[in-house]
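I opened this entry to keep track of what I looked up.

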Amino acid sequence: MPDEPLPPDGPDEFPTEAELPDDPVTMADIDPFAVADDGFEDIDDFAAAEWKHETTANERIRTVIDRTTTPRSAGDIAETALVSETKARATLNKLAAEGIVKRQQTDSGKLYSRDPEWHLLKQIRRLAGSETLVDQIHRVKQELAAYKAKYDAADPEELLISDKELTQNELDDVSHWRTAERELSHLRAAYRLKEAKEQATTVTEPRDRQTGDQTTAPAGDQPQLQ
């Protein structure tokens, strides 16, 4: 339910004199940080202390592993997440059992990274919930059309294997072109997922069930998913 608009002449109620502070509020009274910033000579130490104060150990481990594409040891992840190695290893093994983390055994011990398939599905689910999904698809398609027109090529690979000697700006375009193609692939997958969810929630039941008749409709009368 949207908030009701404020009356044009201001709020109906104002704080009483007793509720007002004795002294006016100054910038010194406003502190956006939960941790006192005195006693920290290094801004990184202060940021780490603030992060540790505002999050749980599990949240920090999840944040670190979400950004970990190159396999790392539990000790390395623990150091970044500001937790003990024992805590990191226990959480990472639990996430691996859930399919969120990829775990591999090496001669020097176990290494962990985010599971690429799970991370991709997470991105697609997030995109499927976007209210601007169709607009994003149109935007990326226009970007791809612009690259094709600019270089008269069907895809970036065609440009790369051509006899044309590419400048650094053109190589940058190839990289951005590939990124746009990957983005469109993810957006299309998200759109299909969104359509499937909508169809699953709007399938009409057989007519005899709608009218209260409890008999089972013939198989040929069952609604077909498009």
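My notes on the chain follow.

I worked from a predicted model, where local features need pLDDT of at least 70, side-chain atom pairs count only at pLDDT 80 or more, and totals for chains, interfaces and linings use all residues. Residues are numbered from 1 along each chain as its sequence is written, and side-chain values use heavy atoms, with hydrogens and water left out.

I looked up the fold and found 9 helices and 3 strands (DSSP runs: helices are H or I with at least four residues, strands E with at least two, numbered from the N terminus). From the N terminus the order is α-α-β-α-α-β-β-α-α-α-α-α. Of the 226 residues, 25% count as buried (under 20% relative accessible area; exposed is over 50%, partly exposed in between, with a 1.4 Å probe and protein chains only).

I then searched for salt bridges (a side-chain nitrogen of Lys or Arg within 4 Å of a carboxyl oxygen of Asp or Glu) and got 7 in the whole structure.

One of them joins R89 to E85, at 2.7 Å from N to O. The two sit 4 residues apart in helix α4 (residues 85–97), about one helical turn. R89 is partly exposed at 35%, and E85 is partly exposed at 40%.

Another pairs D173 with K150, the closest N and O atoms being 2.9 Å apart. D173 is in helix α8 and K150 in helix α6, so this pair ties together parts 23 residues apart in sequence. I noted D173 as buried at 14%, whereas K150 is exposed at 56%.
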